[in-house]
Amino acid sequence: MDDQIPSSDAGAIGAPGVSWGLDRRLQFIDFRLRWEGRLNRTDLIEHFSISTPQASLDIARYLELAPGNLEYDRSSRTYVAGASFKPLFPRSSARRYLAELHAKTTGLLEHGASFIGHAPAVDTAPSPWRAVSDEVVHAVVRAIQNKAAVEVLYQSMTSVDASSRTISPHALGFDGFRWHVRAYCHKRGRFSDFVLARILDLKGAGPSSVDPGTDTFWHTILTLVLVPHPDLSAAKKRVIELDYCMEDGQVALECRQAFLYYTMRRLGLHTETPSDPAAQQISLRNRTELQPYIDALTASN
């Protein structure tokens, strides 16, 4: 029998006493109905390895929570989404669906871990995989968890040969292309980003006394105000506003100072040189305000 959700957490679906197992199966029903428009007991039986009576009980429970969300179609002998269907769970959002579709397409999510049954044809722009050692990632994560320092053999872009240094890691970060570890470098006496793929070897260096709270660049949150490129026509500006969910012609994007350059580079905003509006369709409205933070990052590298 399924374990029961603690009463303080049962409100996740607005129904006290619902088990974690049942909660997940109800999410599955909700997801399939929204994105595929139909569901049958076999879907539940095969995905969760449950019995036919249990699948029937799950569907009945979902009907209690959302009576208008599904109907039984006798001709096809399956349940279909009702005309007034409204999703019950955040997992059924478009953002989650596309993220899951992307993860499934790229192999990051195994078939059995996805709620998607019949996926549409999909592909992604290829990106070369950055080789990362399992042992390095494991050791770095454990060092973060244990507040420990590690001695790494690191290949930087500024030197021909790899160098040894002691670092105290406290966080991981992804810039859209590469994984970094954010750490205090005892050699340089400051916090820096280290590309995981460039750590050639590492070993434990004992407990660390470095306080991650003193990493100002990591804890400083900045706001980038994005607007359509000023040289675009009014019609094209409206298209860009829709693309980026802008309101009143702009959208605010929060970013750690440590990731400011990476974020601006991904958005094509890392140079002040006027760009072609056809290629670079957005601009940074508050560049002057952010320039001191950009300069501070440049000075630290």
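Before you click anything, a word on terms: a residue is buried under 20% relative accessible area, exposed over 50% and partly exposed in between, with a 1.4 Å probe and protein chains only. This is a predicted model, in which local features need pLDDT of at least 70, side-chain atom pairs count only at pLDDT 80 or more, and totals for chains, interfaces and linings use all residues. Residues are numbered from 1 along each chain as its sequence is written, and side-chain values use heavy atoms, with hydrogens and water left out.

**Stop one: helix α4**

Select residues 94–105, which make up α4. Helices here are DSSP runs of H or I with at least four residues, numbered from the N terminus. From first C-alpha to last, the 12 residues of α4 reach 16 Å, close to the 16 Å expected at 1.5 Å a residue (that is, 1.5 Å times one less than the number of residues).

Now show the side chains of Tyr-97, Glu-100, Leu-101 and Ala-103, which are buried. Look down the axis of α4: its buried residues fall within an arc of 165°, so they line one face of the helix. The arc is taken from the directions from the helix axis to the C-beta atoms. On the face turned away from that buried side, pick out Arg-95 and Leu-98, both exposed. Just after α4, click Gly-107, where phi is positive at about 85°.

**Stop two: aromatic rings**

Next, colour Phe, Tyr and Trp. Their rings (the six-membered one for Trp) pair if the centres lie within 6.5 Å; planes under 30 degrees apart count as stacked, over 60 as edge-to-face and the rest as tilted. By this rule there are 12 aromatic pairs.

Zoom in on Phe-48 and Phe-115: their ring centres are 6.4 Å apart and their planes at 70°, so this pair is edge-to-face. Phe-48 sits in helix α2 (residues 41–48) and Phe-115 in the loop between α4 and α5 (134–146), so to speak a link between distant parts of the chain, 67 residues apart. Both Phe-48 and Phe-115 are buried.

Then jump to Phe-174 and Trp-179. With centres 5.0 Å apart and planes at 35°, their rings form a tilted pair. Phe-174 is partly exposed at 41% relative accessibility, and Trp-179 is partly exposed with a relative accessible area of 41%.

To finish, select Phe-28, Phe-31, Trp-35, Phe-48, Tyr-97 and Phe-115 together: ring pairs link them into a cluster.

Definitions and conventions:
Helix = DSSP H or I, 4+ residues; strand = E, 2+ residues; numbered from the N terminus.
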